[in-house]
Amino acid sequence: MAERIIEFDRVVAGYSESLTILNETTLDVRKGEITLLIGPNGAGKSTVLKTLFGLLVPRSGEVRFEGRVINGRSQRALLADGIAFVPQGRNLFGSLSVRHNLELGGITLPRAELPGRIEEVLARFPRIRERIDNQASTMSGGEQKQLEVGRALLLRPRVLLIDEPSIGLSPKLVVDVMTLLRQLAEAGTTVLMVEQNVRTALKYSDRALVLEMGRLALDRPASELLGDPDLNRLFLGGHAPAVPGVAA
Amino acid sequence: MSAGLRRTVLLVAGLAALVAVAAFAKRSEVYLLTLTLVYLMATFGLNLTVGYAGQMSLGQAAFFGIGAYVAAIALKAGIPFLAVLPIAGIACFVVGLALGFPALRVQHHYLAFATLGFNVLVFLVMRNEEKLTGGTFGISSIPRPTILGVSFEGHLAYFYFTLAGLVALAAALWWLLRSPWGRAFAALRDNPIRAESLGVNITAYTLLAFAIGAACAGVGGVYYASLVEFIEPGPFHFSTSLMMLLAVIVGGSGRFFGPVVGTIVIILLPEVLRSSSIESLKFMQKWYLVFFGLAVVALMIWLPGGILSIADRFRKREAPR
Ligand SMILES: Nc1ncnc2c1ncn2[C@@H]1O[C@H](COP(=O)(O)OP(=O)(O)O)[C@@H](O)[C@H]1O
Ligand SMILES: [Mg+2]
């Protein structure tokens, strides 16, 4: 089994004192794998990513990266550690050009390294190169997502957190994004992905974690879950069947 | 024509028109135009704080005043104008950092309170520290510059001199906002949380925006002192800060040329109406404040993005993205 690179250890977090979303959540992500985080709407999937990326500070419990506690660390520090986050929805600066969006993604890099890194990203995304001097808001949804991912890759992250990348994309583009994530994982990047498009995402993932009401309800290899006749029931609001060895 | 080219042509045409108009204008009108340019330096700077960093500052007139008093004292001591500019700018930048650093660490609206208190304090110092500031009597006989043997003593010469200074200041800000690291200011304006998620140090950039904005006001203050040749605390009252803030918001905060429109509407127009001898405008003199207040309220309700956002509305209607 690959080593654990990210661990949540009985993490309690929420958006206010009275609103607890993650309720002693315990889970882990393994190095070099694509871990798919799924579950019903409002289960707290996005909250897991936000807590991991320091946007929410746990009230108790520990979030660990490579064994070190990273509770509430600043985004700059996390980026420097090699964790990048592509949140749900639109995350570009629409008024700026594509190039400027990319440059902002490299704001924490030494100035001299930036051109080389941008070239690296453009080589991977020819479509972005074509639009490099356009205003970001004029790009199609698919292009924007590519740019967001490209921008995150600028820092050559060791861990990529990505929240519902397929939203608003055509099936073909979804496959493109998934293929890209697979390539990254093959090259050693750890990916933690939240996705509603469960069937497609499972095909490209190594492992699936099911979150329900802020707790891990299921932890299985993706291929196994994909063959599970219960799969549909699981995501149509039903409860996960009890699986031996997983604390509900 | 691309939007960038159109803007450049418009800008050059506007500047050329200004240069020509001033040459034929009356002395008092040139004075008023120069005064507007001077205020513009301060509002351009304030736009960085308000429009880009999203902070309310109620103390821009205090920095303007610090610049003016530094200039008055330094110019009278014989320090050349071009040396006084960086002195005043840096002084305001440093004071801005010192004021902004603790304020921005606390909470968002704290800067508004801190700058308000600061403005009141600076005003009191100007009024009461007679030895340094001349108190209510102020400082008179502030000289206008002579640079490399060229005198800018005359009202028209000083207008052109100030215009050149404003263009240089605006160009510097333009360059700053387009430099790779200055782009973070635009990111901050568009969405601070997104910016932070990319590793932009929000606190540092916000503080920097505020301090640079303060420095611009300081520079404006230097030009002001030399323009009016006599300064006293009055013009640096907190109410001037409010007018400057209003100018930025009314023009369209976070738009580069927003302060130009706002400063014309808030600072130049009332003066034009007040000093006008045309009968129909005399009526306006009486009612201007009432009309003006209503207009600002209406604007904030129907056009919260400021006057310059009108263009956006039309563009959106034509071609929705
Ligand atoms: N910014 C927020 N403020 C308050 N509550 C929020 C916020 N974001 C999400 N929530 C609530 O937290 C719960 C979990 O949200 P989220 O993690 O986004 O769920 P998921 O991504 O699994 O759909 C939901 O009940 C949601 O309403
Ligand atoms: Mg979500």
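How far is an oxygen atom of ligand 1 from a polar backbone atom of Gly44(A)? In this predicted model, the separation is 2.9 Å. The backbone of Lys45(A) takes part as well, with an N or O atom 2.8 Å from an oxygen atom of ligand 1. On the side-chain side, a polar atom of Tyr15(A) lies 3.4 Å from a nitrogen atom of the ligand. Taken alone, ligand 1 exposes 560 Å², and the protein buries 60% of that area.

The shell around ligand 1 draws two or more residues from each of two elements of chain A, β2 (19–30) and α1 (45–52). Helix α1(A) gives the largest share, four residues. Among the residues around the ligand are Leu19(A), Ile21(A), Pro40(A), Asn41(A), Ser46(A), Thr47(A) and Lys50(A). By class, the shell divides into five nonpolar, five polar and two charged residues.

Turning to the protein–protein contact, 21 residues of chain A meet 19 residues of chain B. About 1700 Å² is buried between the two chains, with carbon and sulfur atoms giving 59% of the area. One salt bridge is counted between chain A and chain B; it joins the side chains of Glu103(A) and Arg183(B), with an N to O distance of 2.3 Å. Polar contacts between the chains involve six residue pairs, both residues being at pLDDT 80 or more. On the side of chain A that touches chain B, α2 (75–81) and α3 (98–105) each supply at least two residues, and α3(A) provides the largest share, with four. This side of chain A comprises eight nonpolar, eight polar and five charged residues.

Notes: Residues numbered from 1 in each chain as written. Chains lettered and ligands numbered in written order. Predicted model: local features only at pLDDT ≥ 70, side-chain atom pairs only at ≥ 80, totals over all residues. Heavy atoms only, no water. Contact = heavy atoms within 4.5 Å. Buried area = accessible area lost by both parts, 1.4 Å probe. Salt bridge = Lys/Arg side-chain N within 4 Å of Asp/Glu carboxyl O. Polar contact = N/O pair within 3.5 Å; in protein donor to acceptor, adjacent residues only side chain to side chain. Nonpolar A, V, L, I, M, F, W, Y, C, P; charged D, E, K, R; others polar. Near = heavy atom within 4 Å. Areas by Shrake-Rupley, 256 points an atom, 1.4 Å probe, with all protein chains shown as cover.
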